[in-house]
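Colleague: I am new to this one. Please show me the model, and I will ask as I go.

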Protein chains: 4
Amino acid sequence: MSNREVRHHCGLFGVWGHEQAALVTQLGLYAQQHRGQESAGICTSDGIRMRRHVGMGLVNEVFSPSILERINLPNAIGHVRYSTSGSSCEMNAQPLSFRFAGGQVALAHNGTLTNARDLRHECEQRGQIFQTTSDTEVIVHMLAEKACREDPDGLAHVLGRLEGAYSLLFLFLDRLVAVRDPMGFRPLCLGRTPSGAIVAASETCALDILDAEYIRDVEPGEIVTIDASGVHSQRFGPESPSRGGACVFEHVYFADPASNIFGENVHRVREESGRVLAKEAPVDADIVIPIPNCARCAAIGYAAESGLPLGRGFTTSHYAGRSFIMPDQLQRDLAVKLKLNVIKEAVRGKRLVVVEDSVVRGTTTRGKLDALRKAGATEIHLRVASPPLRYACFHGIDFPDPSKLVATNRDVRQIADFLGVDSLHYLSLDSLLGCVKGDPQHYCTACFSGDYPVTVTVGLMTGRHSGVSDRLPTG
Amino acid sequence: MSNREVRHHCGLFGVWGHEQAALVTQLGLYAQQHRGQESAGICTSDGIRMRRHVGMGLVNEVFSPSILERINLPNAIGHVRYSTSGSSCEMNAQPLSFRFAGGQVALAHNGTLTNARDLRHECEQRGQIFQTTSDTEVIVHMLAEKACREDPDGLAHVLGRLEGAYSLLFLFLDRLVAVRDPMGFRPLCLGRTPSGAIVAASETCALDILDAEYIRDVEPGEIVTIDASGVHSQRFGPESPSRGGACVFEHVYFADPASNIFGENVHRVREESGRVLAKEAPVDADIVIPIPNCARCAAIGYAAESGLPLGRGFTTSHYAGRSFIMPDQLQRDLAVKLKLNVIKEAVRGKRLVVVEDSVVRGTTTRGKLDALRKAGATEIHLRVASPPLRYACFHGIDFPDPSKLVATNRDVRQIADFLGVDSLHYLSLDSLLGCVKGDPQHYCTACFSGDYPVTVTVGLMTGRHSGVSDRLPTG
Amino acid sequence: MSNREVRHHCGLFGVWGHEQAALVTQLGLYAQQHRGQESAGICTSDGIRMRRHVGMGLVNEVFSPSILERINLPNAIGHVRYSTSGSSCEMNAQPLSFRFAGGQVALAHNGTLTNARDLRHECEQRGQIFQTTSDTEVIVHMLAEKACREDPDGLAHVLGRLEGAYSLLFLFLDRLVAVRDPMGFRPLCLGRTPSGAIVAASETCALDILDAEYIRDVEPGEIVTIDASGVHSQRFGPESPSRGGACVFEHVYFADPASNIFGENVHRVREESGRVLAKEAPVDADIVIPIPNCARCAAIGYAAESGLPLGRGFTTSHYAGRSFIMPDQLQRDLAVKLKLNVIKEAVRGKRLVVVEDSVVRGTTTRGKLDALRKAGATEIHLRVASPPLRYACFHGIDFPDPSKLVATNRDVRQIADFLGVDSLHYLSLDSLLGCVKGDPQHYCTACFSGDYPVTVTVGLMTGRHSGVSDRLPTG
Amino acid sequence: MSNREVRHHCGLFGVWGHEQAALVTQLGLYAQQHRGQESAGICTSDGIRMRRHVGMGLVNEVFSPSILERINLPNAIGHVRYSTSGSSCEMNAQPLSFRFAGGQVALAHNGTLTNARDLRHECEQRGQIFQTTSDTEVIVHMLAEKACREDPDGLAHVLGRLEGAYSLLFLFLDRLVAVRDPMGFRPLCLGRTPSGAIVAASETCALDILDAEYIRDVEPGEIVTIDASGVHSQRFGPESPSRGGACVFEHVYFADPASNIFGENVHRVREESGRVLAKEAPVDADIVIPIPNCARCAAIGYAAESGLPLGRGFTTSHYAGRSFIMPDQLQRDLAVKLKLNVIKEAVRGKRLVVVEDSVVRGTTTRGKLDALRKAGATEIHLRVASPPLRYACFHGIDFPDPSKLVATNRDVRQIADFLGVDSLHYLSLDSLLGCVKGDPQHYCTACFSGDYPVTVTVGLMTGRHSGVSDRLPTG
């Protein structure tokens with residue numbers, strides 16, 4: 001899959017009690033840059049003041065040593081945000097931060113609130129004025145209300161009214177709060193740095209860059225509060241829910257192979273999916289070629305299981321910098337060439353097993369396969385390490401409209417024709433779920449199966465309050 | 001006086017129904033640049049959308065033709081803001097704009113709300129969240145409340161709760177609203193462009209640049225609404241108040257000599273003040289020299305009345321561009337030289353009458369007089385076309401702290417010693433009030449007399465809500 | 001005259017042996033900003049290294065304290081350059097600096113070399129490669145040639161081959177050299193700072209800002225060398241020339257009124273020209289109004305001589321910052337309004353004597369006079385303190401093409417009609433020359449009289465070498 | 001190897017006769033971005049004019065569609081330049097361009113001229129003035145001399161005087177000229193686009209991105225001239241030289257695996273080197289892990305030959321953007337973590353064969369190996385697909401000083417200790433030369449063997465002319 005096809009969602013990082021909290025947060029975000037390349041931001045606090053810097057661009061474009069020095073205070077939260085075109089702007093860059101009668105708060109969000117529109121309408125009717133078009137902001141307006149401010153369980157009550165997916169980090173002047181929604185759609189874990197500071201991150205790869213030790217995941221439906229007196233836990237969701245919503249697509253595509261999420265290693269799941277794929281759909285061929293870069297883990301598994309040699313079909317550009325602005329007069333397939341170049345000598349005259357992690361629109365994959373065929377591959381057998389993608393996600397991933405997905409109105413034979421391959425096999429959903437350790441009931445597979453773990457508010461597709469566009473930008 | 005000594009306040013401009021509303025507003029602000037050099041902003045609307053651009057800097061630094069084209073819609077309001085250091089930033093740059101349950105609104109303010117802190121506290125207690133640290137924002141939060149939204153006289157009720165000085169321009173999607181506070185502290189007038197569009201401006205010089213015809217002033221305590229059906233007036237203050245607050249310092253220093261404000265021409269008032277000064281304090285001398293540039297009108301009057309020739313003592317830098325950043329190692333009096341250079345040939349061996357409009361700290365004036373003496377002037381007789389400045393302003397002018405004013409703890413003899421002049425005369429307050437046409441009871445002379453036309457809320461100097469600094473930045 | 005009509009030429013400043021040489025040079029250039037607003041530059045040296053910073057824009061836009069600190073070395077030369085459109089760019093910004101077999105040299109030039117094209121062609125034929133399109137560069141290529149390097153009088157020989165106008169400052173690693181061409185077209189003087197450093201400047205106003213003492217002018221045909229051993233003089237031109245070329249237009253318009261040039265004060269010459277004008281062409285009127293800002297000195301003289309009161313007809317914008325980019329759809333006369341606003345009360349119903357320093361195309365002056373008439377002036381009598389401008393300048397001023405000058409094909413009556421005035425009088429050339437102290441034979445009056453003090457090489461208008469445009473940009 | 005350790009040299013691209021020559025050149029440079037990341041530049045011509053744009057940064061940072069449109073003319077040459085600190089600046093960014101008596105010329109250079117200093121001195125003595133500190137500029141000054149301009153074989157004579165490595169592209173108004181030095185140190189090839197335009201490029205990967213067909217390599221000692229009449233060849237070096245200088249390190253590290261250089265595919269050579277390495281130094285282990293990214297081809301060969309499974313030990317950051325500015329307070333090994341993260345699950349408890357392409361200082365490689373060991377690898381066997389690096393390169397590669405190379409004063413056992421590996425094997429030089437097709441006498445292996453194919457001028461390390469630093473920046 002190309003990272004232009006599916007908008008990555010977001011990545012969170014927080015740290016409590018570190019001399020270099022701003023820098024540590026920059027590193028934690030940098031390690032999670034794959035979760036969002038559009039904007040980056042950090043809010044810091046020392047119990048008295050807050051400082052904030054956000055900007056459009058990659059983490060190390062937005063932050064310089066002098067900016068970090070200027071905002072450095074011992075507690076911090078940070079956010080990287082996905083790339084999109086429309087309502088994406090600095091106004092919506094997170095962490096959001098606010099002053100209100102209850103003091104100051106900064107907030108970073110990964111996920112989508114499916115009832116944000118209705119909640120916002122309610123607040124506006126009371127006279128509250130919103131500053132952004134982000135779905136996340138409504139949480140703070142609910143916290144600012146007098147009733148909530150005076151209720152010791154105010155935060156839990158606010159969370160109880162939210163629907164959808166949300167991993168959240170709040171930075172108050174006197175505490176850092178980490179929350180995961182009751183279904184646990186998005187990952188969020190806790191760790192401890194060598195100096196003893198507590199950190200929170202979407203993925204464990206952010207712990208690795210800091211040599212931080214993994215403590216545990218924040219549980220679905222849990223509020224973890226970190227303050228001067230230590231780490232405290234409170235539940236606001238049901239104790240032992242029968243279903244969960246851990247996003248299986250995090251394992252298939254989003255998360256970094258070095259990370260552990262939902263209790264297990266991503267590389268291992270992907271390599272295992274390649275092994276199962278080789279068992280489900282073996283083929284007589286000369287060489288196994290991964291589509292760079294996401295499918296490399298699955299290809300290793302496929303090669304190991306099949307006994308076929310693992311080769312390399314493409315070189316990739318690692319000096320991309322800001323993305324190439326392609327003029328209109330250039331033919332479409334140049335887009336592929338800007339990212340990849342086929343190593344002709346490696347594929348000429350060969351029968352290839354090409355391993356891909358997932359196929360979205362199909363056009364990008366087709367472009368890459370075309371390039372292999374032009375270079376002289378005699379057979380191309382495509383093996384996809386996940387089932388066909390056919391349904392929208394309402395919980396944090398911005399897939400194209402289902403009508404644009406190659407698998408929506410095609411069977412596998414038709415997809416093979418579309419892609420121009422000699423054979424095509426998708427990993428079955430059961431096999432995919434067999435590759436993860438957890439109970440299948442605790443994963444959300446809606447994008448493959450259409451089986452949504454929670455009912456989605458109808459209002460998501462309708463209504464229009466205070467001029468905000470149909471679909472609110474999500475955290 | 002130097003324009004570094006007294007922070008200018010702000011200038012307003014609005015236009016309803018003009019094809020080039022953004023450009024017209026830029027011109028209207030440019031003509032009023034002397035009222036504020038720190039930030040500039042324009043909001044436009046066409047009944048459906050609003051567009052906004054604000055920035056730090058001068059009008060023609062903030063706006064380019066391409067920006068104007070991008071934001072051009074037929075209705076607009078604009079604002080230039082004074083220069084200050086602390087809380088001045090793009091966040092507070094006006095016009096402010098908001099979305100709320102009542103729709104969209106943009107707001108530009110000239111003046112100071114003396115009870116803004118208390119009103120803000122009230123709103124925050126209800127759960128409202130503020131976006132800026134400006135005193136102006138509270139007006140919109142009060143408008144957004146359910147009770148106000150449902151009241152046809154909501155705006156008048158909100159205004160009824162405000163204390164202090166405020167000339168305001170509101171741009172709603174369907175109307176432009178111009179308001180002056182009941183005391184009429186700051187000027188605001190209406191005009192009509194050659195194409196028939198209605199405009200509102202702080203000073204008539206903004207009408208001149210557009211060849212617009214002057215209609216009338218907005219009255220103290222009046223709400224003027226301009227919409228598709230025409231121009232409508234409503235009163236919210238007392239009908240015939242016994243006192244008024246027209247700022248006499250606008251005539252002395254702030255306003256452009258070409259402007260008419262409070263019903264008469266600024267140049268005429270200043271020239272007359274120079275004539276009266278010559279009568280009050282004649283002197284045997286060779287030549288009359290104005291301190292550039294503000295005192296030129298008064299110097300013309302002095303020369304005409306006294307029969308002494310009017311000369312030129314200084315050349316001024318007209319290519320200043322952004323202000324010169326002076327390194328510490330340079331002696332203080334360089335500051336004067338960066339602005340002015342004495343024409344030695346014109347003053348050497350001469351007995352000078354030097355005319356100044358007003359004296360604030362005294363240090364800048366002293367520097368200029370020193371330069372004249374070094375150049376060989378044999379006598380210097382300073383004539384100031386206004387009374388000694390001794391009191392703070394709570395209604396829109398950011399004077400230095402009274403303890404820093406040269407006249408606060410000195411009598412005229414001591415001031416003359418401080419300034420090193422051979423003789424010194426300040427125009428008396430009665431004489432100054434004699435130079436304006438209106439009833440003296442309708443002018444605020446508090447900075448000279450300490451006689452404030454309204455009681456100022458004690459809270460202005462105390463209290464601290466939601467971390468905002470003691471004194472809110474003013475519109 | 002408007003400073004958009006005649007391209008100002010250039011200003012020079014140099015200092016030898018000052019701890020803050022970069023800052024001192026910035027101040028010296030800032031004081032001469034009226035001589036060039038397009039680019040500014042400084043080169044510094046300490047005998048071993050050179051540092052350079054140039055940029056497009058005003059002096060205090062191009063230089064910041066941190067830049068000054070970075071380039072500060074004890075010897076420096078600087079340059080401000082006029083504004084033009086075509087070949088003006090950072091490549092041509094001065095001082096130019098070069099490394100060559102003779103070491104390093106930086107060079108700043110005020111004037112125009114009329115045989116630059118031929119000299120350049122000669123150098124290029126030998127194999128030399130030019131870096132800029134400036135006429136100034138050829139001087140360095142001539143200095144770099146082996147024969148010149150080995151000749152102790154190399155510089156004098158190079159200067160002997162130059163034709164045209166040139167005041168020059170060279171900074172070598174071990175000396176600063178100041179040169180004026182044998183006709184002395186452009187001013188250049190020497191001074192001494194309070195700390196004892198020697199400075200060189202186009203005008204004495206640059207000395208004033210530094211409290212530097214004036215020593216003397218560099219003589220026409222003189223090379224002044226300043227080095228560790230002191231100040232040395234050498235002549236390369238004829239000892240007592242019968243004619244000189246001191247530009248009388250410097251007195252009329254260019255130079256700052258506070259400066260002394262060619263041995264006398266500019267303000268005094270202008271005031272005197274106003275007095276003579278009042279004698280030559282008296283008129284029965286109510287008030288004398290100068291066109292801001294250049295004509296103010298002459299207007300003072302006119303008022304004093306005539307006994308008429310001196311008034312003020314316009315307010316001017318002092319906050320212009322970068323120039324207003326005027327969109328096409330705006331009527332032409334807005335250009336005037338952006339600079340000036342008429343004080344209607346001051347001119348309504350009055351008979352005006354309007355004093356102008358000079359008239360170029362006539363359109364700008366006409367616009368200003370139109371504005372006075374629209375404001376209600378009953379009579380306008382224009383008095384111009386110099387003769388009609390009719391001829392091109394080849395020695396440092398970039399006038400419009402003669403065909404565009406209002407006086408080229410019109411007599412005074414026709415010009416009066418064009419400008420729409422009730423009467424018009426130009427100061428006669430003899431009267432103008434009577435206002436300066438020097439021998440009339442030592443002034444260049446070619447722009448008024450067509451009498452050029454030297455023969456101009458025909459090649460100036462023809463020829464084209466190595467793709468350079470017809471007329472070389474001048475220093 | 002890390003691309004911070006060895007400064008990449010440069011990449012060239014040229015095109016003659018293409019409607020979109022500027023865009024085509026941008027693409028050709030983009031595909032060769034790995035050859036230089038510091039600056040990029042393009043010069044274009046249409047036979048009458050030249051246009052140029054250069055800048056610091058990556059190709060798609062320096063060029064935007066609007067810039068390309070502005071400079072687009074049908075003939076073009078471009079250049080990407082390596083990253084370094086000192087004398088690297090925009091002044092030296094290539095293509096350089098010049099006007100001289102012979103017209104206009106632009107020039108791009110890959111290589112190092114070892115006698116540049118002497119040639120420059122010669123030119124300067126004649127009076128020529130240099131504009132840059134680049135070694136490349138001297139070529140143009142030699143071309144500009146009268147004798148050379150008048151000689152039909154002038155270019156060949158100039159080339160005959162150059163020593164060192166140079167692949168060159170000249171763009172004259174009427175022709176594009178491609179040159180390779182007689183030893184053929186650096187690659188340069190010719191191709192033809194689908195539209196028939198002739199292109200020249202350092203590597204064939206630049207042809208692939210354009211779907212251009214490979215024609216042939218420019219031969220060592222050949223001048224290829226492309227003009228309106230076609231493609232012409234001329235020799236200036238010996239016809240059948242007994243030795244050549246094709247840089248074997250291009251195959252080991254520099255060139256893109258998809259490229260063909262010196263007549264064969266880079267990936268194939270590297271894969272073969274991995275196979276031979278497995279034969280030379282087999283080891284009993286669990287998995288083969290390449291150091292990303294350069295060693296992947298060799299690792300594929302090692303795995304295939306050894307029968308061991310190929311795995312993945314690291315994830316890499318592909319969103320680096322501008323490089324991370326690392327504050328001092330961070331421990332050194334963070335540098336490795338910013339680039340790579342170990343997939344702990346993949347290496348824990350495993351015996352690893354780690355394949356590296358080459359080892360320079362050793363510190364970066366050691367950091368990566370440390371990370372593997374910390375993650376739980378039980379054995380690490382390092383296999384390097386090239387011999388120990390021990391000598392400086394004078395022909396286009398900016399290695400660290402030999403004293404900094406890990407292999408300079410250590411034998412293999414000591415290196416293994418330094419790196420902390422269980423076993424270490426370097427590919428022998430003979431084996432490496434066995435992997436390439438050509439005659440070993442036609443490769444330069446000096447960095448491994450110290451056997452320089454030509455005598456290097458002593459002057460390279462000494463002398464100092466006109467203030468230029470000891471070692472000239474190279475093309």
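Colleague: Which residue follows α11(C), and is its phi positive or negative?

Modeller: Keep in mind that this is a predicted model. The phi of the residue after α11(C) is positive, near 80 degrees. That residue is Gly307(C).

Colleague: How many of the residues of helix α11 of chain C are buried?

Modeller: The helix spans residues 296–306 of chain C and is mostly covered. Among the buried residues are Arg296(C), Cys297(C) and Tyr302(C).

Colleague: Which helix of chain B do the buried residues of α11(C) pack against?

Modeller: Within chain C, they pack against α10 (266–280), β17 (287–290), β20 (351–356) and β21 (379–384). In chain B, the partner is α11 (296–306).

Colleague: How many disulfides are there over all chains?

Modeller: A disulfide needs two cysteine sulfur atoms within 2.5 Å. For Cys444(C), the nearest cysteine sulfur is that of Cys393(C), 6.4 Å away. For Cys10(D), the closest is in Cys393(D), at 12 Å, too far for a bond. The search of the whole structure finds 0.

Colleague: Is Cys10(D) buried or exposed?

Modeller: Buried means under 20% relative accessible area. Cys10(D) has 0% relative accessibility. Cys10(D) is therefore buried.

Colleague: What kind of axis relates chains C and D?

Modeller: A rotation of 180 degrees superposes chain D on chain C, with RMSD 0.0 Å. The shift along the axis is 0.0 Å. The two copies are thus related as by a two-fold rotation axis.

Colleague: Which residue of chain D comes closest to the rotation axis?

Modeller: Its C-alpha lies at 2.7 Å from the axis. The residue is Gln128(D).

Technical notes. Residues are numbered from 1 along each chain as its sequence is written. Chains are lettered from A and ligands numbered from 1 in the order in which they are written. This is a predicted model: local features need pLDDT of at least 70, side-chain atom pairs count only at pLDDT 80 or more; totals for chains, interfaces and linings use all residues. Side-chain values use heavy atoms; hydrogens and water are left out. Buried means under 20% relative accessible area, exposed over 50%, partly exposed in between (1.4 Å probe, protein chains only). Copies are superposed by least squares on the C-alpha atoms of residues with pLDDT of at least 70 in both. Helices (H or I, at least four residues) and strands (E, at least two) are DSSP runs, numbered from the N terminus. Contact means heavy atoms within 4.5 Å.
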